[in-house]
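Reader: I have this one open for the first time. Can you walk me through some of it?

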Amino acid sequence: MLILVFALAGGRNVCAADNLQSFVTQLFASKGGGVILSISRTRRIMAVVNPQLAIKEAHRPGSTAKIVTSAAVLDGGTADPDPIVSSEHFELEYPLSQQTWVKRTLETLERWRRELGTNAETLPSRVRVETFNTTEGFVRATGEPGWMAASSDGFSISLQPLALLARKQILDQTLRHELTHLVVHRVRVKGVPRWFEEGCVLYLTRERIDAPTNEQTSTVELEAAVAKPGSEAQMRAAYAQALERVRRFAQRQGDAALWRALMHPDPGDLHWFQE
Ligand SMILES: [Zn+2]
């Protein structure tokens, strides 16, 4: 069975949308498979052949529905969109230069999602992940500084080039970190500072931060440094301090109290956040 997912690059392809459905219907009329035609960036589905079959197959656990990037078929060879490949709970958009690391990335995300247990239930059913050819591409797409390994917006995850993360031996750690962020971010209520989210993520992923903990920083300064660090060194120092504070909190009250404080902070927690 043939399942094709065309991910178009958008732009001037879109104006051809009216003709796409009849085009793909005709094209696949005599074949048994399914087609999903979508715009790469927006995920808007432009045309579908055998939709139930195609969507079911593309979303099947462990499915590696064949991803075809040849928008060229429809667009005179100018478009060069990124392929998208899906696992049970993730879809990864990646440039071909990063292909080597795609399988490991999806496997690591699935594994860590399982380890998050019931906490992962707050995640969207399919988390979007994207990576880039270059650090410049990552910076352009996310607005983050180039020394950031990844970022998430509460719904999806953007990663520096997978090959770069792998070379620095931080690929698995970065994936765990960002996925945990998604979970923690989604349960964190108003009034709970970002540094507490960051500290919880670092604590739950058992990361080690290579930086001195400078206890002189106030929680106001800590919050500012976590929200918008001026440099990698400042970020590391802030993360180390956030982790240390969360670690002490967990020592005193137990790990379950971290989740309680994120979701339902009591007056004591709210006071401690400002201390
Ligand atoms: Zn983080």
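Reader: Which way do S8 and S9 run relative to each other, parallel or antiparallel?
Author: Antiparallel, in this predicted model. Strand S8 covers residues 150-152, and three bridges join it to S9.

Reader: How many residues sit between S8 and S9 in the hairpin?
Author: Three residues lie between them. Gly-154, in the turn, has a positive phi of about 95°.

Reader: And what stands opposite Ala-150?
Author: Leu-159 in S9. Leu-159 also has Thr-131 standing opposite.

Reader: Which strand pairing joins S7 to S9, parallel or antiparallel?
Author: Parallel, with four bridges. S7 spans residues 127-131 and S9 spans residues 156-159.

Reader: Switching to helices. How do H9 and H10 cross?
Author: The axes of H9, residues 219-227, and H10, residues 232-253, come within 9 Å and cross at roughly 125°. The two helices are therefore oblique to each other. The crossing of H9 past H10 is left-handed.

Reader: Which residues make the contact?
Author: H9 contributes Leu-222, Ala-225 and Val-226. From H10 come Gln-234, Ala-238, Gln-241 and Ala-242.

Reader: Zooming out, how many helices and strands are in the chain?
Author: The protein chain has 12 helices and nine strands. It has 275 residues, of which 36% count as buried.

Reader: What share of the contacts join residues at least 24 apart?
Author: 65%, among contacts between residues at least 6 apart in sequence.

Conventions:
Residues are numbered from 1 along each chain as its sequence is written. This is a predicted model: local features need pLDDT of at least 70, side-chain atom pairs count only at pLDDT 80 or more; totals for chains, interfaces and linings use all residues. Axes are lines fitted to C-alpha atoms, for helices over the stretch in contact, and angles run from 0 to 180 degrees between N-to-C directions. Angles under 35 degrees count as roughly parallel, over 145 as roughly antiparallel, 65 to 115 as roughly perpendicular and the rest as oblique. A crossing is left-handed if the near helix is turned anticlockwise from the far one by less than a right angle, and right-handed if clockwise. Two residues are in contact if their C-beta atoms, placed from the backbone, lie within 7 Å. A residue is buried if 20 or more other C-beta atoms lie within 10 Å of its own, exposed if 12 or fewer, and partly exposed in between; C-beta atoms are placed from the backbone. Two strands pair if DSSP finds at least two bridges between them.
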